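Student: I would like to learn how to read the features of a model like this one. Could we go through them in turn?

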Amino acid sequence: MPLISMREMLDHAAENGYGIPAFNVNNLEQVQAVMSAADEVGAPVILQASAGARKYAGEPFIKHLIQAAAEMYPHIPLVMHQDHGTTPEVCRGALALGFGSVMMDGSLMGDGKTPSSFDYNVDVTKQVVAMAHAIGATVEGELGCLGNLETGDAGEEDGIGAVGKLDHSQMLTDPEEAAVFVRETQLDALAIAIGTSHGAYKFSRPPTGDILSIQRVKEIHARIPNTHLVMHGSSSVPQELLAIINQYGGKMKETYGVPVSEIQEAIKHGVRKVNIDTDIRLAMTGAVRKFLAENPDKFDAREWLKPAREAAKQVCKARYLEFGCEGQAAKIKGYSLEQMAKKYAAGELAQLVK
Ligand SMILES: O=C(CO)COP(=O)(O)O
Ligand SMILES: O=C[C@H](O)COP(=O)(O)O
Ligand SMILES: [Zn+2]
Ligand SMILES: [Zn+2]
């Protein structure tokens, strides 16, 4: 199957009541980990690349790594998605490179740091929707800034997030604004702010409703029932992975992520795409630390990359199963982007706002 439309994949998830983890990938082993996990459980796949990934690997490498995944696993529906595009120009570049789905993150200005105005966000998102839908590609937008509701700290850890302090109204997406945003932009998927943030240091205690608002997901979903909601910063930061890192020389501080059970609840209320990067980083780092500590004489990179790849695969497999993806891959038709472009043009994919 060629690379397919994220809209088609998320529509299928909505119709069948499941969510899809979107894993960030930067290199060969991460792509292999995600694909082999998906293959084992029959899950559809979203591979996403940030600007940081494209810079790290180089654009041709990212493109061909993902295309190689499609070639090696022709039976798995696969989406190549650009994560956190900071300007319409960045999104245009990704579409030209062959991405079938782009995120226009207009909650921040083009510097990826300064919170933007609602009107700016509508404007840039609309521009990207026009260019993407014309070729059948999918658009994810974002309303609200990711950040820590305990401290008001914006989420700059990954280099994509506001800098400094934010007030609560900026860090929780307003359902009314979400409705207007969707009506105006007609995007496909909306990333929302509900208290999650990027990176390993999300919460200083296991999150309760005051610092992770699944209630807000429900309120937003009630207004925009057929817009697919996206949770960023949704790594669960498993305590056992932190323990392995620290057991083998790491120095990670106490921290908590987004519990899988909370994500499962959100999936019941319109969340269809769940972004995960940090958990793969933690799994790989722990495995490499352990292997090298136990095998100080080894120096073949393949020997320590193998356990890292295996540890990443186990995280991916667990999330596919936990989010209900098992066996769904075979049920997705896989329209071409040309077919999707016709559907957009015919108004078949218009958003419903209540
Ligand atoms: O949201 C993300 C990528 O866009 C990743 O979130 P984590 O840092 O929680 O893995
Ligand atoms: O959005 C954040 C992702 O975790 C990507 O992180 P990155 O910018 O370090 O590649
Ligand atoms: Zn953002
Ligand atoms: Zn993100």
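Student: Let us start with a single bridge. Which residue in E8 is the bridge partner of Ile20?

Tutor: Ile20 has Lys273 as its bridge partner in E8. Bear in mind that this is a predicted model.

Student: How do I go from one bridge to a pair of strands? How many bridges join strand E1 to E8?

Tutor: Two strands pair if there are at least two bridges between them. Strand E1, residues 20–24, is joined to E8 by 4 bridges, and the two run parallel.

Student: What do the paired strands form, and in which order do they run?

Tutor: They form a closed barrel of 8 strands with parallel pairing, in the order E1-E2-E3-E4-E5-E6-E7-E8. From one strand to the next, the twist averages 25°.

Student: Which strands does helix H1 touch, and what angle does its direction make with that of E8?

Tutor: Helix H1, residues 6–16, packs on the sheet and touches E1, E2, E3, E4, E5, E6, E7 and E8. The direction of H1 makes about 120° with that of E8.

Student: Now the ligand. Which residues come nearest to ligand 1?

Tutor: There are 13 residues around ligand 1, and His232, Ser235, Asn275, Asp277 and Thr278 come nearest. Strand E3 (78–85) and strand E8 (271–276) are the elements that give two or more residues to this shell.

Student: How does the shell around ligand 1 divide by class?

Tutor: The shell has 10 polar residues, 2 charged residues and 1 nonpolar residue.

Student: What should I look for in the backbone angles?

Tutor: Most residues other than glycine have a negative phi.

Student: Where do His84 and Gln186 lie?

Tutor: His84 is in strand E3. Gln186 is in the loop between helix H8 (175–185) and E6.

Student: Is His84 buried or exposed, and why?

Tutor: The cut-off for buried is 20 or more other C-beta atoms within 10 Å. His84 counts as buried because it has 28 C-beta neighbours inside 10 Å.

Student: And why does Gln186 fall in its own class?

Tutor: Gln186 has 19 C-beta neighbours inside 10 Å, so it counts as partly exposed.

Student: Last, what confidence scores does the model have?

Tutor: The ipTM is 0.97 and the pTM is 0.97. The protein averages a pLDDT of 96, and 98% of the residues score at least 70.

How values were computed
Residues numbered from 1 in each chain as written. Chains lettered and ligands numbered in written order. Predicted model: local features only at pLDDT ≥ 70, side-chain atom pairs only at ≥ 80, totals over all residues. pLDDT = per-residue confidence, 0-100. Near = placed C-beta within 6 Å. Nonpolar A, V, L, I, M, F, W, Y, C, P; charged D, E, K, R; others polar. Axes fitted to C-alpha atoms, helices over the stretch in contact; angles between N-to-C directions. Contact = placed C-beta atoms within 7 Å. Buried ≥ 20, exposed ≤ 12 C-beta atoms within 10 Å, placed from the backbone.
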